[in-house]
Amino acid sequence: MPPFGLLHRRAWASLFGQLLRPSGLVCIGEVHFHSQGQMSLQVSEAVLISQLKPHQEKSNFVIKTPKGTRDLSPQQMVVREKILDMVIDCFKRHGAKRLDTPAFELKEMLTEKYGEDSGLIYDLKDQGGELLSLRYDLTVPFARYLAMNKVKRMKRYQVGKVWRRESPTIVQGRYREFCQCDFDIAGQFDPMIPDAECLKIMCEVLSGLQLGDFLIKVNDRRILDGILAVCAVPQSKFHAICSSIDKLDKIPWKDVRHEMVAKKGLAPEVADRIGDYVQRHGGVSLVEEMFQDSRLSQNKQALEGLGDLRLLFEYLTLFGIAEKISFDLSLARGLDYYTGVIYEAVLLQTPAQAEECLNVGSVAAGGRYDGLVGVFDPKGHTVPCVGLSIGVERIFAILEERMKTAGLKIRTTETQVFVATPQKNFLHERLKLISELWDAGIKAELLYKNNPKLLTQLHYCEHMGIPLVVIIGEQELKEGVIKLRSVASREEVAIKRENLVAEIQKKLSES
């Protein structure tokens, strides 16, 4: 019998393969066994292919998040959750119901809705016959939802991530992936009542977050279009010139004028006439002044916008927020879907704050978009809408910087009670005790060790900011009591086991 039978040959071939595999090498060819017991390897073109290459490449691989995105640490998430909770509470206080929509939409739903910013939309690779894009904002998906479900009236809020392919400026709270908090009122109502409520909500949120003094700039797209018309701007250039005007909060008028003339082909005298208007801002008195303007008063669109702003200021005065609002003729809001009132909130800084604070731009914005739902409706039926968006990322950047400057320590858990023991072999008693606390709705923790040292347990409580410790040992078990310890004062009191939950709840309500 030959030294290598069929079974033996297979075993050797398998062994040979196993010997090669750990070294990261693959054999391409055949293993031959001869009757004399010899073994040879006949290889194809590439004898051995190294699988080490991926590992060699990995040594140069940099572990990082994609450009314009970031992870949020537990400390950062605490701050973010507090911001979102405050914003959502305000939305609910005004009667909004929550809505959610997909993170991506059909590409055709998003195109031609954002003007020059349409190039910032993230397109997805075709995976199943549908051309898809990541949502650019929450407004267009909301309008699509209204049209698709034939909803004629709705007050909704939505919190979710959106994506934009712009150059990120992380220090200013600008990202490619970021969170938006939107509140919108859809439906046919009397003029300016929903609009005034949106501005009231904006004031409540910004005041509640204690960001400092702020100003809300207000304008109307009809007034802006009227200005362009009476200044003899060709209709075909309206959107392009509006996008230039929208930069006035970032660059001076001379640079905006240069862009209009040199890059967008506007006549210099036309640009100068625009400049006479868009550099003006004020309160309701400026609205009345524009009514008397010889050129603007001849434009029907502009007069409609001015009439609505006059009514809006009346309601804002009743809400007690008129002093926070400025009629600013430079405000353009670049998005194509706005049709009426538009607004944007900015933080006001003292010279000292300007040196310390981040220049984050607007922290909230919105406006009226009466025609967007009709774009999606097969019969073109419209649903008037007005809404606002809170700039969570920018607000977060401001609060995060302030907390760093103040050196504030942030608690990352909400644990109220820690279950501890000073003795060995008390794991079972600790597990029974913590189960009682959990069942009573008390937030509790213990160390995942059989026999932890008491000092280690107490240090953990101090480090994590846990206010109370319950201690169980042989003596406590024998007497039917539990020691309740205040971490801050280090005072201890013995509580009957059956009264423990009630006593803890009392202590927590007092703190």
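Helix 8 (residues 238-245) is mostly covered in this predicted model, six of its eight residues being buried, where buried means under 20% relative accessible area, exposed over 50% and partly exposed in between, with a 1.4 Å probe and protein chains only. The buried residues are Phe238, Ile241, Cys242, Ser243, Ser244 and Ile245, and these pack against helix 7, helix 9 (253-263) and helix 10 (268-278), a contact being defined by heavy atoms within 4.5 Å. Helices (H or I, at least four residues) and strands (E, at least two) are DSSP runs, numbered from the N terminus. Residues are numbered from 1 along each chain as its sequence is written. As this is a predicted model, local features need pLDDT of at least 70 and side-chain atom pairs count only at pLDDT 80 or more, while totals for chains, interfaces and linings use all residues; side-chain values use heavy atoms, with hydrogens and water left out.

Helix 7 (residues 221-230) packs with helix 8 at an angle of about 110°, with the axes 11 Å apart; axes are lines fitted to C-alpha atoms, for helices over the stretch in contact, and angles run from 0 to 180 degrees between N-to-C directions. Helix 7 and helix 8 are therefore roughly perpendicular to each other, on a scale in which angles under 35 degrees count as roughly parallel, over 145 as roughly antiparallel, 65 to 115 as roughly perpendicular and the rest as oblique. The crossing of helix 7 and helix 8 is right-handed, a crossing being right-handed if the near helix is turned clockwise from the far one by less than a right angle, and left-handed if anticlockwise. On the side of helix 7 the contact involves Arg221, Leu224, Asp225, Leu228 and Ala229, which meet Phe238, His239, Ile241, Cys242 and Ile245 in helix 8. These contact residues comprise seven nonpolar, one polar and two charged, where Ala, Val, Leu, Ile, Met, Phe, Trp, Tyr, Cys and Pro count as nonpolar, Asp, Glu, Lys and Arg as charged, and the others, Gly among them, as polar.

Helix 7 also packs with helix 12 (residues 300-319), at an angle of about 145° and with the axes 7 Å apart, and the crossing of this pair is left-handed. Helix 7 contributes Arg222, Ile223, Asp225 and Gly226, while helix 12 contributes Gln301, Ala302, Glu304, Gly305, Leu306, Asp308 and Leu309. By class, the contact of helix 7 with helix 12 has four nonpolar, three polar and four charged residues. Asp225 takes part in the contact of helix 7 with helix 8 and in that with helix 12.

The contact is made by Ile193, Asp195, Ala196, Glu197, Leu199 and Lys200 of helix 6, together with Leu312, Tyr315, Leu316 and Phe319 of helix 12. Seven of these residues are nonpolar, none is polar and three are charged.

Most residues other than glycine have a negative phi.

Asn149, in the loop between helix 5 (139-148) and strand 6 (154-163), is partly exposed, with a relative accessible area of 38%. The C-alpha atom of Asn149 is separated by 9.8 Å from that of Asp377, a residue 228 positions away along the chain. Lys507, in helix 19 (residues 500-510), counts as partly exposed at 35% relative accessibility.

Of the contacts with a separation of 6 or more, 67% are accounted for by residues 24 or more positions apart. The chain exposes about 27600 Å², of which carbon and sulfur atoms supply 53%, accessible areas coming from the Shrake-Rupley method with a 1.4 Å probe and, for residues, only the protein chains shown counting as cover.
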